Amino acid sequence: MEKVNKILLVMIAMAAIMLLAVGIDKGMQAYETWKWESERLVRYEQACADVADMQVTISQLSQDQEAIAAFIEENKAYFGTEEADEDWGILQEDSYGELQEESGDAIAMENELPTDADITGNELPADADVTGNELPADADVTGNELPVDIDVTGNGLPVDTDVTGNELRENTDVTGNELFANADVTGNEGAGIGGVSQNSVDGYTDISGNWIGEMGQISGNTLVERQKIRGSYMETQMQNKKDQEAIASSQADFSGISIACLGDSITEAANLSDKENYQQYSYPTRLKELLHAESVTNLGIGGSSIGRYWANAFVDRYKEIPADTDLILVMGGTNDGFCMSGKDIGTMEERKAGTFIGDLDELMRGLKEDYPQAEIVFVTPLPNVLHDMLKKEKDYLLPQSALVDVIIQLATEYDIPVIDLYNSNILDTHDAAVIYNYMPDGVHCNPDGYFVLAEHIAAELIKMYDGEVPKGQE
């Protein structure tokens, strides 16, 4: 009996030790979680204060075009082109790499170069598609050579362009191009089956001698690639013209559609709160007018984030969306980015609550489950200079692209369409002209900027449904 009692005592002691070990482990986990959340709260509060200070500085400078341009030039070395680290569970293939000479099919359709642009001696690769490009008056592209199979059909060359002495290679198709009056094409040679038929001549042009190598990539699929093609202000102006045309020609009927816009201060237009009835300037209100929608509910709250870093997180308040909503737009991530570390973003594998990936996953899943009859569209945040200015002081901060990649990847999993503002290169405050004309504090729009934003989202929705409106409630 005594032996049995000893065995029982040993077993009880071992159980107690195991329970104690489990308790210590759980206690340590709880402590680490508390510590992480506490540190993150401090970081976010500090980031909010720093961002507010920078907004004041930029707002003051933005009143002087030369001053804001000097500020951007002075700080452009801090404008990040980092790739997202794979340790964060994000895949981003060469999104921020330098463009190589031989890196894919060239796509530069409908690009416009400003007056007096000098692109003498540029090399574009074989199979480059530059259909529909327009060069302005006095553009000098002397010395360029077009290789086999280059299609430049439909390009417009402006007045005074000199194309003297160009040589067309085999199978080069330049059918249908228009040259302005007095264009000089003296001495050009068409080799092989070079096609220059049906072209009309109407101007002065100089496209002599550029050589195009094989498989060059000049497409604008990412923000950095687009920035290499043109500045954001020019991109915004060009895109806005296309957006207005798409809206004007639209046959889509949104008149029976109710829309809800979940977002932060950019959705609320909180920066204009000193104006009477300030939400009349917000993009949701403008969107209702542009689409002639039945109704729009603005659920933007300043300072809110997608994840649970601060009050009014999207994931905690998406159920405020009216049950009978037909189209739900979710635009956020700007505030998340101001305090986002590698630990805060989480991983695709774990998707832990309280991380950006975990909370975004919960938000998307919840929207799909709780609003099965509604169309859901996510909108990536606009790139902003404040993020990079903050990042130069806080080395733990992730690039905005990391959040954008997560939004796009998770949206793909849930079959949710995305309007990718970040990579569009519009309303990007790394361009001083965008700050001066549209976004005076570096993050938020003025009334004109919100109208441009609304027109772009409206045009994207029109194109997204290709003439079909979102399904209504059944």
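## Salt bridges and a helix contact in a predicted model

Arg365 and Asp361 form a salt bridge in which the closest N and O atoms are 2.6 Å apart; the term denotes a side-chain nitrogen of Lys or Arg within 4 Å of a carboxyl oxygen of Asp or Glu. The model is predicted, so local features need pLDDT of at least 70 and side-chain atom pairs count only at pLDDT 80 or more, while totals for chains, interfaces and linings use all residues. Residues are numbered from 1 along each chain as its sequence is written, and side-chain values use heavy atoms, with hydrogens and water left out.

Arg365 and Asp361 are 4 residues apart in helix 10 (residues 356–370), so about one helical turn separates them. Helices (H or I, at least four residues) and strands (E, at least two) are DSSP runs, numbered from the N terminus. Asp361 is buried, with a relative accessible area of 7%, whereas Arg365 is partly exposed at 33%. Buried means under 20% relative accessible area, exposed over 50%, and partly exposed in between (1.4 Å probe, protein chains only).

The whole structure holds 11 salt bridges.

| Pair | Closest N to O |
|---|---|
| Arg365 and Asp361 | 2.6 Å |
| Lys394 and Asp50 | 3.1 Å |

Lys394 forms its salt bridge with Asp50. Because Lys394 lies in the loop between helix 11 (385–391) and helix 12 (400–413) and Asp50 in helix 1 (residues 2–61), the pair ties together parts that are 344 residues apart in sequence. Lys394 is buried, with a relative accessible area of 12%. A network of salt bridges also links Arg308, Asp316, Asp359 and Glu362.

Arg230 and Glu235 are both buried. Glu235 is also among the residues touched by Ile426, as are Thr236, Gln239 and His456 (contact means heavy atoms within 4.5 Å; residues up to four places away in sequence are not counted). Ile426 and Glu235 are 191 residues apart in sequence, yet 5.9 Å apart in space, C-alpha to C-alpha. Ile426 sits in the loop between strand 10 (418–419) and helix 13 (432–437) and is buried, with a relative accessible area of 2%.

Helix 4 (residues 232–249) packs against helix 14 (residues 447–465) at an angle of about 50°, their axes being 9 Å apart. Axes are lines fitted to C-alpha atoms, for helices over the stretch in contact, and angles run from 0 to 180 degrees between N-to-C directions. Residues making this contact include Thr236, Gln239 and Asn240 of helix 4 and Val452, Glu455 and His456 of helix 14.
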